[in-house]
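Have a look at the structure first, then read on.

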Amino acid sequence: MSRAARLQRTLVAAHAWAVYLFLYAPILVLVLYSFNRSPRSAVWTGFTLDWYRRLIANRALLRAVENSLIVALATTAITTVAGTLVALALARFRFRGKGATQAALYLPVIVPEVVIGAALVTFFGVAHLRLSLATVIIAHVAFCLSYVALVVRARLAGFDRALEEAAADLGAGAGEVFRRVTLPLIAPGILAGALLVFTVSLDDYVVTSFVAGVGSTTLPLQIYSMLKVGVTPEVNAVSTLLLLLTVVLIAVAQRLQRPPSTLEESR
Amino acid sequence: MMRTAAHRALSLLAIVAAVTAVVASCRPHETAAPAGGTAATASVAPAGGELHIYIWSAYLPDPVVEEFRRRTGIEVTVDVYDSNEALLAKLQSGVADYDLVVPSDYMLRILGHEGLLQPLDKTRIATLGNLDPRFLDKDFDRGNRYSVPYLWGTTGLGYDKKKLGAVDSWTALFDARHKGRILMLDDVREVFGVALRTMGRSINERDPKVLAQAAELLKKQKALVATYDSGDFANVLAAGDVDVAHGYNGQLAAVVAADPQRLAYVVPKEGGTIWMDSTAIPTKAHNVDNALRFISYVQEPEVNAKIVDGVHYASANVPARKLISRAILNDKAIYPDDATIAHCELLEDLGDATTVLDRLWTEVKSQ
């Protein structure tokens, strides 16, 4: 029995390691080769920080990183607020066209990105909106809004409204109930939605390639376009830095989400 | 509690905003980024006006742009695309504000037909006389109504000298001894071009019967091919995963230069494809004068030599040759000799035969 249990544990651990290896080995290789002296990513020839030095001098690449961060930041800010409001409206109220709204929310998630991109660029053409960073943000908001709304909506599904009623009973106004009861409870959902949107927006290629205009080349566009001449380790370097940013973001998010004890107390 | 809830999202946003600010400050002298991301693109125009360039990546060295800016006061924006099709989609949208684009030969024809390019005022391009007449008045743009040649190259073979010895023929790609060690481009015209050339036919053959024979040849060859890859072919060869790779000269020249003992590039004796990318001005360009100035500027011998030295592709500029570095000028993978150039063909529009070719290609690929 105990032998069987030990075997089972070993197998589960081995499986877990295999999965982690499968997920992270390519990323490790990418990080490793950002320190490779050879300009061709095929062979390891020695350690160097040159690619990071070159990255700082590579205007086009830095500009692309900056564009990507601006777009991801703006998209996250807009969709987090708007998506949360949509989710609240859907969870709380009955109104005409509610079913249609709900169905429409799934569309951007299901419809192929190529179709969204082509539709948006046609729309911008009809609306005479010049392609720029602004159109990229509009496009990202359009297909990212659903993610926040759906995630927050899921969080609201398990929401106990008695808590809000209790707060109101104890004399809290509508605004106070929202700020002090509702928002803290759905915050993990909002945060999850925001992180999801940030990453989706940061690495979107297909839609962006349709709607980017003058001065709005984002990092994915820049990297894909570099394929014609072969990807240099500079790309590995910039990817490593972005990876670092993502890891920091996730770590911060998890730290902020952790203490359920404070939640218990403040209730 | 309420404070932490509000802080969660805020602190995350703050981190990202801080990083954005750091990246922005890293960027050497650049116009200020639009704050908050609402991106009002209408900034104050600088004295010399603006120029929006849309070009292949790594095709225009920074110092060249910088010097143009210094000389003229024109504020230059450079955006990059990864395929001719992406360029077509952008120009077709009608809302992309590009003043200068650099399409390849076959795409230039399409853009011209679609009315997306404007005829060039040649009197404004003082340096036009520097161009090699062999690269002018081509089928894709007769009389160079819309375009001036920028850079050009060939399609040929990259191979492992130690494994294959000296190679000078496309037949290496059909040799059963190299089974599983052959890479072909994932490109219908280029792949059929190889087959047609080995049959002694033109790359622009339109006869369905001949095309069907070429397809048969390619179907037989498929058993020998390790992969069809248009993006990473040079790295696959450099890594030693294949011994012979069909590919464009630019990337192959780079890996050959990195390991000249082992690797080599050749345009086979049967002849290959030559491709040309040309500067052109979209119909809806706002800064036509500046675009013309730039087209003329890149054909100045000193500037042109700087471009060639920087991007490792050949230009069609004659006086620039005296100034281009020896290593590049003597690199046969970049500047093939005249006999080889005379052997190569530009891809032409096949008209109705395109449909036939696409069907045959699907048959080959899905076999």
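Chain B has 367 residues, and 47% of them are buried (20 or more other C-beta atoms within 10 Å of the residue's own; 12 or fewer is exposed, in between is partly exposed, and C-beta atoms are placed from the backbone). Keep in mind that this is a predicted model: local features need pLDDT of at least 70, side-chain atom pairs count only at pLDDT 80 or more, and totals for chains, interfaces and linings use all residues. Residues are numbered from 1 along each chain as its sequence is written, while chains are lettered from A and ligands numbered from 1 in the order in which they are written.

**Overall makeup**

- Chain B holds 14 helices and 11 strands; these are DSSP runs numbered from the N terminus, with helices being H or I of at least four residues and strands being E of at least two.
- Of the contacts in chain B with a separation of 6 or more, 73% are between residues 24 or more positions apart, where a contact means C-beta atoms, placed from the backbone, within 7 Å.

**Two domains**

- Chain B is split into domain 1 (50-152 + 275-335) and domain 2 (153-274 + 344-366), with bounds that come from an automatic or database domain assignment.
- The C-alpha centres of domain 1 and domain 2 of chain B sit 27 Å apart.
- Where they touch, 15 residues come from domain 1 of chain B and 14 residues from domain 2 of chain B.
- On the domain 1 side, helix H4 (105-113) and strand E9 (273-280) of chain B each put in at least two residues, and H4(B) gives the most, with 3 residues.
- That domain 1 side divides into 9 nonpolar, 1 polar and 5 charged residues (Ala, Val, Leu, Ile, Met, Phe, Trp, Tyr, Cys and Pro are nonpolar; Asp, Glu, Lys and Arg are charged; the others, Gly among them, are polar).

**Helix H7 and its partners**

- H7 (residues 208-222) and H14 (residues 353-366) of chain B pack at about 20 degrees, with their axes 9 Å apart; axes are lines fitted to C-alpha atoms, for helices over the stretch in contact, and angles run from 0 to 180 degrees between N-to-C directions.
- H7(B) and H14(B) are therefore roughly parallel (under 35 degrees; over 145 is roughly antiparallel, 65 to 115 roughly perpendicular and the rest oblique).
- Residues in this contact include Leu211(B) and Leu218(B) of H7(B), and Leu357(B) and Leu360(B) of H14(B).
- By class, the contact of H7(B) with H14(B) has 10 nonpolar, no polar and 3 charged residues.
- H6(B) and H7(B) come within 9 Å at their axes and cross at roughly 100 degrees, which makes H6(B) roughly perpendicular to H7(B).
- Here Val191(B), Phe192(B), Ala195(B) and Leu196(B) of H6(B) meet Ala214(B), Leu217(B) and Leu218(B) of H7(B), giving 7 nonpolar, no polar and no charged residues.

**Thr198 in H6**

- Thr198(B) belongs to helix H6 (residues 188-198) of chain B.
- With 18 other C-beta atoms within 10 Å, Thr198(B) is partly exposed.
- Leaving out residues up to four places away in sequence, Thr198(B) touches Trp170(B), Thr171(B), Phe174(B) and Glu270(B).

**Helix H11**

- Helix H11 (residues 301-311) of chain B has buried residues that include Val303(B), Ile307(B) and Val311(B).
- The buried residues of H11(B) pack against elements of chain B including helix H2 (62-72) and strand E4 (147-160).
- Just after H11(B), His312(B) has a positive phi of about 60 degrees.

Definitions and conventions
Contact = placed C-beta atoms within 7 Å.
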